[in-house]
Amino acid sequence: MLKKTFILFLALVMMGTVMYGCGSPANDVEEEAVNDVEVVENEETIDEEAAEEALIEVENWKAPGSLQELLATFKEIRHTWSEGGEEVASVHYLHEGSDTVDGVQTDRVSFSISDEKFTLWIDGEGNTQKIEAGSEALPKEMGDMMFTPFISSILMPFKVSQDWNVHQKLVHPEPGIDIKKIEKSQDTIGELTGTIYTFEITLEPPHVPEGERGMVCWKVADFGDFQMLVGWEALESAGEKLNIEFKIDRLALQ
């Protein structure tokens, strides 16, 4: 069971690498680019003021970068990864409550990778006090070994959001980034209902190396009080057609 779980972790990491390559900053090239760029909406060029009005508000962007931030913000998150229309893995995080373990106050958190579930009891300093695989108790020492990949898999969509700098690019696109809003709808994800915006992003030099091109779709939710990246599709990278999709399909606040 553990071997299968870590193979799924590896698959997630590999897909994340592909996604970063398609939509991530072009390192030094991006840092040197400081000029304005056109923002396209529905095939029409619009000025910066209109773009800010047409795109979503991003004043309260949610992208937890640590377990502590995650526990303070979300009670539940599940996201799935698909390639070629077939699901590769689903990752499910659920904050189940608080327990006392050997006199220590802990948060009880479950992590599921596809059909395999692990429950960790984590104290206020981030140490694992107890761990179970399914209903089987495991040595506490295994918690530290498993802790990092579990947290990394749950936080991966937020890392993508941070690495891409999505919330800033929606307001101030950079040279080589063409953003087109292609859909707007009302939808419910878990316990939250909001407006879901779909943006098609074309990446060209200088954002990517000369001779390369990328295309990705971002799905961004505006839940009123906050906004966040809830899905994306990798469509093209360096001339190669891709069919990789990520989406959050369960979401609940603390």
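**Entry 1: overall make-up**

I counted secondary structure first: the protein chain has 6 helices and 13 strands. I took these as DSSP runs, with helices being H or I of at least four residues and strands being E of at least two, numbered from the N terminus. The model is predicted, so I noted that local features need pLDDT of at least 70 and side-chain atom pairs count only at pLDDT 80 or more, while totals for chains, interfaces and linings use all residues. Residues are numbered from 1 along each chain as its sequence is written, and side-chain values use heavy atoms, without hydrogens and water.

I looked up burial next. Of the 254 residues in the protein chain, 51% are buried; buried means under 20% relative accessible area, exposed over 50%, and partly exposed in between, with a 1.4 Å probe and protein chains only.

**Entry 2: aromatic rings**

I found 10 aromatic pairs in the structure. The rings of Phe74 and Phe158 are stacked, because their centres are 5.8 Å apart and their planes lie at 10°. For the terms: rings of Phe, Tyr and Trp (its six-membered ring) pair if their centres lie within 6.5 Å, and planes under 30 degrees apart count as stacked, over 60 as edge-to-face and the rest as tilted. Phe74 is in strand S3 (residues 74-83) and Phe158 in helix H5 (residues 142-164), so this pair ties together parts 84 residues apart in sequence. Both Phe74 and Phe158 are buried.

I then checked Trp81 and Phe246, a tilted pair with 5.2 Å centre to centre and 55° between the planes. Trp81 lies in strand S3 and Phe246 in strand S13 (residues 240-253), so the pair links parts 165 residues apart in sequence. Trp81 counts as buried at 0% relative accessibility, and Phe246 is buried at 1%. Ring pairs join Trp81, Trp164, Trp218, Trp232 and Phe246 into a cluster.

I followed the pairing around S10 (residues 192-203). Strand S9 (residues 177-189) runs antiparallel to S10, and 12 bridges join them; strands pair if DSSP finds at least two bridges between them. Lys184 stands opposite Tyr197 in S10. S9 and S10 form a hairpin with 2 residues between them, and Gly190 in the turn has a positive phi of about 60°. On S11 (residues 214-222), S10 pairs in the antiparallel sense over 9 bridges, with Cys217 in S11 as the bridge partner of Glu200. I noted that 11 of the 12 residues of S10 are buried, so the strand is largely enclosed by the rest of the structure.

**Entry 3: Gln227**

I placed Gln227 in strand S12 (residues 227-237), where the residue is buried with a relative accessible area of 3%. Leaving aside neighbours within four places in sequence, its contacts include Ile56, Trp61 and Ala221. The side chains of Gln227 and Asp222 are joined by a polar contact of 3.4 Å (a pair of N or O atoms within 3.5 Å; within protein, one must be able to donate a hydrogen and the other to accept it, and residues adjacent in sequence count only if both atoms are side-chain atoms). A polar side-chain atom of Gln227 also lies 3.5 Å from the backbone nitrogen of Glu59.

Technical notes
Contact = heavy atoms within 4.5 Å.
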